[in-house]
Amino acid sequence: MPDTVVKPKTRVKTKVERPRLHKVILINDDYTPREFVVTVLKGEFRMTDDQAYKVMLTAHQRGVCVVAVFTRDIAETKATRATDAGRAKGYPLLFTTEPEE
Ligand code: TYC
């Protein structure tokens, strides 16, 4: 009689987690012109005039404002590009990133 063949009952359970999102944060300073901040926000973050103005004003009044959330790579790329746009004009405009809780 042939041996009983026991088939393994192991199942592979694939677990996919959403990538953590990262905030892009606009930091206020005393030198960058308001209008320039608005222009950068519109160009890099595809905001309307209204949205960009509100974000700029919030950073101006409170010190910082969350601009948007993205996956880490995109958040870092956009923050760098937006910061570089200010530096190219000699402004201390600064965008940083931070992981969402
Ligand atoms: N505080 C700047 C000014 O008065 C304007 C400004 C707003 C700069 C927001 C940076 O993130 C900023 N000209």
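Three aromatic pairs are present in the structure, a pair being two rings of Phe, Tyr or Trp (its six-membered ring) whose centres lie within 6.5 Å, with planes under 30 degrees apart counted as stacked, over 60 as edge-to-face and the rest as tilted. Phe45, Phe70 and Phe95 are joined by ring pairs into a cluster. The model is a predicted one, in which local features require pLDDT of at least 70 and side-chain atom pairs count only at pLDDT 80 or more, while totals for chains, interfaces and linings use all residues. Residues are numbered from 1 along each chain as its sequence is written, and side-chain values rest on heavy atoms, with hydrogens and water left out.

Secondary-structure elements are DSSP runs numbered from the N terminus, with helices (H or I) of at least four residues and strands (E) of at least two. Helix H1 comprises twelve residues (residues 34-45), which at 1.5 Å a residue should span 16 Å; the end C-alpha atoms are 16 Å apart, in agreement with that expectation. The expected span is 1.5 Å times one less than the number of residues in the helix. Residues of H1 that are buried (under 20% relative accessible area, against over 50% for exposed and in between for partly exposed; 1.4 Å probe, protein chains only) are Phe36, Val37, Val38, Val40, Leu41, Glu44 and Phe45. An α-helix has 3.6 residues a turn, so residues three or four places apart point the same way. The buried residues of H1 pack against strands S1 (21-27), S2 (64-71) and S3 (94-99) and against helices H2 (49-62) and H3 (72-88), where contact means heavy atoms within 4.5 Å.

Most residues other than glycine have a negative phi. Arg46, although not a glycine, has a positive phi of about 50°. Arg46 counts as exposed because its relative accessibility is 75%.

A ligand nitrogen is 2.7 Å from a polar backbone atom of Asp29, and a ligand nitrogen is 2.9 Å from an N or O atom in the side chain of His60. Taken alone, the ligand exposes 340 Å², of which the protein buries 89%; accessible areas come from the Shrake-Rupley method with a 1.4 Å probe, and for residues only the protein chains shown count as cover.

Two further buried residues were examined. Lys23, in strand S1, is buried, with a relative accessible area of 13%. The side chains of Lys23 and Glu101 are joined by a polar contact of 3.2 Å. Beyond four places in sequence, residues touched by Lys23 include Val66, Ala68, Val69 and Thr96. Thr83, in helix H3, counts as buried at 9% relative accessibility. A polar atom of the Thr83 side chain lies 3.0 Å from the backbone nitrogen of Phe95. Apart from neighbours within four places in sequence, Thr83 contacts Leu93, Leu94 and Phe95.

Terms used
A polar contact is a pair of N or O atoms within 3.5 Å; within protein, one must be able to donate a hydrogen and the other to accept it, and residues adjacent in sequence count only if both atoms are side-chain atoms.
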